[in-house]
Amino acid sequence: QVQLVESGGGLVQAGGSLRLSCGASGSIFSINTMAWYRQAPGKQRELVAVISRGGTTTYADSVKGRFTISRDNAKNTVYLQMNSLKPDDTAVYYCNADIRISSSYRWNSYWGQGTQVTVSS
């Protein structure tokens, strides 16, 4: 059983910062790509940022220069540092990871339960 647990969401004023964390636990053999997605009310879930096991990062245009994704492979944890937050960043943020539970199993995609980020104007 694999679990992803996010933390760090909350309410912040525009211009403020938050740091999200997502730890993976359970029967884990290897973790490949880790990512953050978000879903605002009435909108589809969208990719925010992704990081490879080797540290290569990609960002949505809307967050470039403001958000930074990072990971600690020893702790099976991914982070999202969010600076200069805007009301449009308000959403539920989800962690996603491609995980193998053993060398003979295929990669599967796992999701966290989500953490609410609310940015007030």
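Glu46 counts as partly exposed, because its relative accessibility is 36%. On this scale, buried means under 20% relative accessible area, exposed means over 50%, and partly exposed is what lies in between, with a 1.4 Å probe and protein chains only. Arg38, at a relative accessible area of 7%, is buried.

Before going on, a word on the source. This is a predicted model, in which local features need pLDDT of at least 70 and side-chain atom pairs count only at pLDDT 80 or more, while totals for chains, interfaces and linings use all residues. Residues are numbered from 1 along each chain as its sequence is written, and side-chain values use heavy atoms, with hydrogens and water left out.

Now the charged pairs. How many salt bridges does a search of the whole structure find? The search gives four, a salt bridge being a side-chain nitrogen of Lys or Arg within 4 Å of a carboxyl oxygen of Asp or Glu. One of them joins Glu46 to Arg38, with 2.7 Å between the closest N and O atoms. Another links Asp89 with Arg38 at 3.0 Å, N to O. Asp89 sits in the loop between β8 (77-82) and β9 (91-100), and Arg38 in strand β4 (residues 30-39), so this pair ties together parts 51 residues apart in sequence. Strands here are DSSP runs (E, at least two residues), numbered from the N terminus. Both Asp89 and Arg38 are buried.

Asp61 and Lys64 also form a salt bridge, at 3.1 Å from N to O. Asp61 counts as exposed, because its relative accessibility is 64%. Through shared partners, salt bridges join Arg38, Glu46, Arg66 and Asp89 into one network.

Next, a sheet. Four strands make an open sheet in the order β1-β3-β8-β7, and the pairing is antiparallel. Two strands pair if DSSP finds at least two bridges between them. Which strands are at the edges? They are β1 (2-7) and β7 (67-72), each of which pairs on one side only. Between β1 and strand β3 (residues 18-26) there are six bridges. Glu6 stands opposite Cys22 in β3.

Cys22 brings me to the last topic. A disulfide is a covalent bond between the sulfur atoms of two cysteines. The rule used here asks for a pair of cysteine sulfur atoms within 2.5 Å, and the count comes to one disulfide. Cys22 and Cys95 form this link, with their sulfur atoms 2.1 Å apart. The pair connects distant parts of the chain, Cys22 in strand β3 and Cys95 in strand β9, 73 residues apart. The link is left-handed, with -80° about the S-S bond. Cys22 and Cys95 are both buried.
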